[in-house]
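Here is a short briefing on one protein model. Keep the sequence and the 3D view open while you read.

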Amino acid sequence: MSDYTSRARRFTLRFPLMTHLSIQINFWIIAHIVFNLISYLIFRSFSTAFSLNIKATLGPNILLAIVLGIFYGLSFGLIEYFLENQFFRRKSLGRVLFLKAIFSLLVFFVLFGLIKLAIYKYIISPMFYPNGLSLTDQVWKYIFFMYLIYTFFINLIISFINQMNKKFGPGVLLPMLFGRYRSPKEEDRIFMFMDLKSSTSIAEVLGHIRYSAFIRDSFMDINYVLSQFNAEIYQYVGDEIVLSWSTDDGLKESVCIAFFFACEAQFNRKAEIYLREYGMVPEFKAGIHRGKVTAVEIGEIKRDIAYHGDTLNTTARIQSVCNEFGKPFLASKEMIDNTDISKHYHITSIGMISLKGKRNPVEIVSVEQI
């Protein structure tokens with residue numbers, strides 16, 4: 001199941017739109033199959049009860065459900081994806097939910113109008129009911145409200161699944177449903193702790209409102225480069241962001257190291273905007289380490305997937321000594337051992353360092369671009 005999670009995350013990061021649309025299409029196909037199956041059974045029961053001489057088969061209904069599911073999935077998926085990325089990023093949650101409801105209703109009215117005026121008249125009726133089956137306005141009225149109520153609740157379910165995927169990250173919901181994280185599971189992972197430099201003085205200069213906006217914009221730019229480096233966000237903690245990779249993914253082409261410098265490059269590209277808006281450009285310091293951790297589902301009122309182990313503590317301690325040695329990016333020697341990272345980056349040994357809370361010293365190295 002962990003392989004499934006890694007593959008799902010990689011695919012989502014590389015193809016976010018395709019992933020979003022495939023989820024929407026699959027769920028809408030299932031939803032329409034269920035709807036058509038229920039409608040078919042109701043239709044057959046009334047036909048039998050009142051001896052109606054109208055034949056209906058399940059096969060065409062399933063085919064119709066697949067076509068409508070693809071149609072609905074593409075329509076709702078594309079609209080939600082582009083609205084989410086273009087217009088909703090800085091809107092309040094209440095306004096986002098309200099606007100999504102309005103757009104969903106508009107899409108529903110358009111699609112239902114197409115079904116009534118075109119799809120049913122020119123496709124469904126000639127193909128499935130060659131002897132003719134005309135529906136009165138009153139019948140269409142009942143179908144409309146039944147379809148509207150059903151679509152509304154399906155939208156709620158799909159929105160819930162989307163929010164769960166956003167909270168836990170892609171590829172986690174299914175393992176959770178199967179109970180993978182109910183008991184602690186050992187994983188080999190890389191962690192990076194990135195912390196804003198001079199955060200206290202920045203907060204004093206900007207004030208807490210503008211400082212929060214500064215942090216928000218900084219994290220949004222870090223998120224912008226995530227997909228290129230298979231990075232997973234584990235936690236946001238104040239002005240610190242904790243990132244993670246599976247060891248295989250992180251060490252492949254040294255993406256876990258390249259990620260930090262890509263974030264610096266992104267801030268430099270946006271420097272003019274930051275200077276105009278805040279009078280300063282964000283700078284982060286980071287520590288990185290790898291090792292064994294346990295993953296487990298925790299909490300009752302608020303559930304989450306948590307990682308535990310000495311690896312996280314060591315990573316946090318490595319990041320905490322960046323200022324002491326005047327280095328923006330430090331790693332454990334263990335992190336770069338048996339890898340080709342040194343071929344692509346300049347590695348300088350800091351020495352055996354006694355980290356707070358660690359019984360034995362840890363050899364630390366500085367990582368810089370060549």
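Which residues in α7 meet Tyr-274, Glu-277 and Tyr-278 in α10? They are Leu-206, Arg-210, Ala-213, Phe-214, Arg-216, Asp-217, Ser-218 and Asp-221. This is a predicted model: local features need pLDDT of at least 70, side-chain atom pairs count only at pLDDT 80 or more, and totals for chains, interfaces and linings use all residues. Residues are numbered from 1 along each chain as its sequence is written, and side-chain values use heavy atoms, with hydrogens and water left out.

**Overall make-up**

- The protein has 14 helices and eight strands. Both are DSSP runs numbered from the N terminus: helices are H or I with at least four residues, strands are E with at least two.
- Of the 370 residues, 44% count as buried. Buried means under 20% relative accessible area, exposed means over 50%, and partly exposed lies in between (1.4 Å probe, protein chains only).
- Take the contacts between residues at least 6 apart in sequence: 72% of them join residues at least 24 apart. A contact means heavy atoms within 4.5 Å.

**Helices α7 and α10**

- Helix α7 spans residues 199–224, and helix α10 spans residues 271–278.
- Their axes come within 11 Å and cross at roughly 170 degrees. Axes are lines fitted to C-alpha atoms, for helices over the stretch in contact, and angles run from 0 to 180 degrees between N-to-C directions.
- The two helices are therefore roughly antiparallel to each other. That label needs an angle over 145 degrees; under 35 is roughly parallel, 65 to 115 is roughly perpendicular, and the rest is oblique.
- The residues of this contact divide into five nonpolar, one polar and five charged. Ala, Val, Leu, Ile, Met, Phe, Trp, Tyr, Cys and Pro count as nonpolar; Asp, Glu, Lys and Arg count as charged; the others, Gly among them, count as polar.

**Nonpolar cores**

- The largest nonpolar core has 44 residues. A core is a set of buried Ala, Val, Leu, Ile, Met, Phe, Trp, Tyr and Cys residues joined through side-chain atoms within 4.5 Å.
- Helix α9 (residues 255–269) gives the most to this core, with ten residues.
- Met-192, Met-194 and Phe-259 have the most contacts inside the core.
- Leaving out residues up to four places away in sequence, Met-194 touches partners including Ile-222, Leu-243, Phe-259, Phe-260, Cys-263 and Phe-284.

**Two buried positions**

- Leu-226 sits in the loop between α7 and β2 (232–237). At 7% relative accessibility, Leu-226 is buried.
- Beyond its neighbours within four places in sequence, Leu-226 contacts Ala-231, Ile-233, Leu-243 and Phe-259.
- The C-alpha atoms of Leu-226 and Leu-243 are 9.6 Å apart, and 17 residues separate the two along the chain.
- Gln-24 belongs to helix α2 (residues 16–49). Its relative accessible area is 1%, so Gln-24 is buried.
- Gln-24 touches Gly-73, Gly-77, Glu-80, Ile-158 and Asn-162, not counting residues up to four places away in sequence.

**Two serines with positive phi**

- Most residues other than glycine have a negative phi.
- Ser-198 has a positive phi of about 55 degrees. Ser-198 lies in the loop between β1 (185–196) and α7, and is partly exposed at 48% relative accessible area.
- Ser-254 also has a positive phi, near 55 degrees. Ser-254 lies in the loop between α8 (247–251) and α9, and is buried at 1% relative accessibility.
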